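Hi,

Here is the structure I promised to pass on.

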Amino acid sequence: MVRRIWNWRKSMFAQIALLTLLFLGWGLYSFVIRPIADMPIATQRSPEQATTDRLRSVLHAFVLAERETPGKPPALATDPLIRAIEARNPGFRYYVRADDRAFGNGDPVYFRRFGFDRLAQVHRTIADPAICSQASKLVPQRGHTDYADFYMCDRLSYFEYRGLERPVIVNEEQPLGAMGGWLAWFSGNFLLAAGGVFLIFALIFTLHILSLRRVATLARSIDPQRLDAKLPEKGVANEILPLVRAVNHLIGQVDAAQRRATFFLSAAAHELRTPLTVLRTRLELMEEGAEKDKLIGDVRRLTRLVNQLLTLMSISNRRDITGFADLALIGRKVTQDLSLLADRTGVTLRFDSAVPVFEIPGDAELIGSAIANLVDNAISFAPEGTSVDVGLSADGTITVRDHGPGLGSVDPDTLFEPFIRPVSNRRGYGLGLAIVSAIVRLHGGRVAAANAPDGGAVFTVTFSDQTINVSADATRLI
């Protein structure tokens with residue numbers, strides 16, 4: 001049970017649910033609990049209390065503003081509350097001090113009576129801003145109450161008022177109830193909440209889309225001829241994991257079927273070699289004649305087919321290569337070995353190398369076989385009196401060039417499939433270029449075919465980071 005719950009951490013649904021719950025918890029605290037806790041409690045105040053509270057707030061705010069920006073605050077005589085109080089209370093007097101600056105329409109009666117002036121002098125002699133004094137005095141009078149407020153640390157703040165007998169009508173904002181406060185707060189932050197939810201979903205899906213793209217990239221990199229690689233299951237979301245496992249299971253089944261087919265072809269080819277050898281030996285004992293030569297030729301072609309099948313199967317079953325191959329040496333050797341064949345068909349075979357040595361990681365025998373197959377095709381399809389030019393450039397590009405009819409309408413990608421023969425009367429069984437393709441794939445490369453600009457065809461073979469260009473007629477199949 002614990003393991004199943006722990007595995008939920010990789011689920012997109014679980015991740016979205018967890019982050020959503022966290023977001024909702026934060027929203028509940030920010031938009032409901034905290035606003036309600038901070039909401040003022042609505043109380044019924046008398047007109048006298050409301051007037052005195054507002055008056056003290058106005059005087060206190062003026063003192064603070066005057067201390068911070070001397071001369072900038074508006075005059076108290078122009079304040080609507082002060083003017084309303086003076087209109088209803090002819091004997092109303094107020095006095096305000098900010099440091100050494102005094103304001104108001106009366107004398108500092110209580111400032112002197114309660115000794116606040118002497119206290120201010122004592123503070124100036126101390127000159128320590130960490131020592132502060134604060135006092136407020138309510139002075140009861142007949143029918144009303146006067147008030148004085150003193151505060152001083154390094155600077156003086158003081159105000160007093162007298163003669164506030166009649167209150168004034170104060171336009172106060174009525175406090176909202178709990179539901180009204182919550183609605184006002186939540187409506188002001190609705191867009192923030194919606195944006196947060198959107199970002200949560202966008203972040204989660206972006207992360208999983210990146211994971212899907214990584215799996216897709218690995219899937220595209222799998223070689224159909226080498227199905228030993230599998231898609232990674234680690235780090236994949238639980239909703240996608242069944243699909244990845246299904247694809248890996250399919251890869252395993254295809255690999256097993258491919259191995260069975262390869263084994264069957266290889267076993268069949270091995271089994272055919274012995275009967276063909278016996279048959280050819282018996283034919284050699286027959287009397288000479290046209291029929292004997294024809295039968296021996298048929299057996300020779302079948303033997304060649306079997307040998308090519310065995311070669312193709314052995315290359316397909318290999319998974320790694322060792323050693324190094326010198327492309328310059330391979331080019332010279334292939335040219336030398338096939339020069340006699342070229343002379344018989346009236347074709348000139350040449351090799352030109354821009355570098356004396358050019359080594360790449362690989363099996364020299366297999367690479368030589370691949371180039372020899374393509375050069376043999378070039379010779380067999382090159383018109384009499386033309387040339388087949390084999391060249392090695394400084395960047396490792398090998399070019400085998402003829403002047404044949406070119407690719408024509410043949411699809412270049414189909415040329416490297418086994419048993420494909422675009423020209424029906426062509427000798428062979430369509431395995432030569434398939435062997436070339438298998439050798440190139442074994443070395444981590446690829447092979448492609450294209451028309452040459454001025455006639456003929458170009459085969460491009462890439463071994464790892466090195467490029468080998470082999471020109472031959474694309475319709476020539478060994």
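First, a term you'll need: a crossing of two helices is left-handed if the near helix is turned anticlockwise from the far one by less than a right angle, and right-handed if clockwise. Keep in mind that this is a predicted model, where local features need pLDDT of at least 70 and side-chain atom pairs count only at pLDDT 80 or more, while totals for chains, interfaces and linings use all residues. Residues are numbered from 1 along each chain as its sequence is written, and side-chain values use heavy atoms, with hydrogens and water left out.

Now the helix pairs. Helices (H or I, at least four residues) and strands (E, at least two) are DSSP runs, numbered from the N terminus. Axes are lines fitted to C-alpha atoms, for helices over the stretch in contact, and angles run from 0 to 180 degrees between N-to-C directions.

α11 (residues 327–344) and α12 (residues 364–381) pack at about 40°, their axes 9 Å apart. That makes the pair oblique (under 35 degrees is roughly parallel, over 145 roughly antiparallel, 65 to 115 roughly perpendicular, the rest oblique). Their crossing is right-handed.

α3 (residues 47–68) and α4 (residues 80–88) pack at about 130°, with axes 10 Å apart. So α3 is oblique to α4, and this crossing is left-handed. On the α3 side you'll find Thr 51, Arg 54, Leu 55, Val 58 and Leu 59, and they meet Leu 81, Ile 82 and Ile 85 of α4.

Next, the sheet. Its five strands form an open sheet in the order β2-β1-β5-β4-β3, with antiparallel pairing (strands pair if DSSP finds at least two bridges between them). β2 and β3 (133–141) are at the edges with a single partner strand each, so one side of each has no neighbour in the sheet. Four bridges join β1 to β2; in one of them, Ala 98 is partnered with Arg 101 of β2. α3 lies across β1, β2, β3, β4 (144–152) and β5 (156–162), at about 150° to β5.

Is Asp 99 buried or exposed? At 16% relative accessibility, Asp 99 counts as buried (under 20% relative accessible area is buried, over 50% exposed, in between partly exposed, with a 1.4 Å probe and protein chains only).

Cheers

Technical notes:
Contact = heavy atoms within 4.5 Å.
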